[in-house]
Amino acid sequence: MAQDPKYTAGEIAKMAWLTARMAKRGIASQTVYQGDLERKFERIVDGAREREAQHAADVAEAEKAARKARAKNLKTK
């Protein structure tokens, strides 16, 4: 399983709210459908993973551009 990404404060709050709603439904009955809340929870986790992957790609691209600029500056000197 993939490592959990770092969550924003908003994502943590939403996940806490959804967890509380799932617990409330669980208290009401063990047979209550919770799939809708579980899907919302998973969407938050997936969004955080995508954001972290995009950030890593942006950092890698910036490093590549910086290396290219340094190489160009060394050639011109």
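Predicted model: local features only at pLDDT ≥ 70, side-chain atom pairs only at ≥ 80, totals over all residues.
Trainee: Which residues are linked with Arg-49 in a network of salt bridges?

Mentor: Arg-49 also meets the side chain of Asp-4 in a salt bridge of 3.6 Å, N to O. Arg-49 lies in helix α2 and Asp-4 in the segment before α1, so this pair ties together parts that are 45 residues apart in sequence. The residues linked with Arg-49 in the network are Asp-4 and Asp-46.

Trainee: Is Glu-11, which meets Arg-51 in a salt bridge, buried or exposed?

Mentor: The side chains of Arg-51 and Glu-11 meet at 2.6 Å, N to O. Arg-51 lies in helix α2 and Glu-11 in helix α1, so the pair ties together parts that are 40 residues apart in sequence. Arg-51 is partly exposed, at 33% relative accessible area. A residue under 20% counts as buried, and at 14% relative accessibility Glu-11 is buried.

Trainee: Which residues does Gln-34 touch, not counting those up to four places away in sequence?

Mentor: Gln-34 is placed in the loop between α1 (9-28) and α2. Gln-34 is buried, with a relative accessible area of 17%. The residues touched by Gln-34 are Met-22, Arg-25 and Gly-26.

Notes. Residues numbered from 1 in each chain as written. Heavy atoms only, no water. Helix = DSSP H or I, 4+ residues; strand = E, 2+ residues; numbered from the N terminus. Buried < 20%, exposed > 50% of the residue type's maximum accessible area, 1.4 Å probe, protein only. Contact = heavy atoms within 4.5 Å. Salt bridge = Lys/Arg side-chain N within 4 Å of Asp/Glu carboxyl O.
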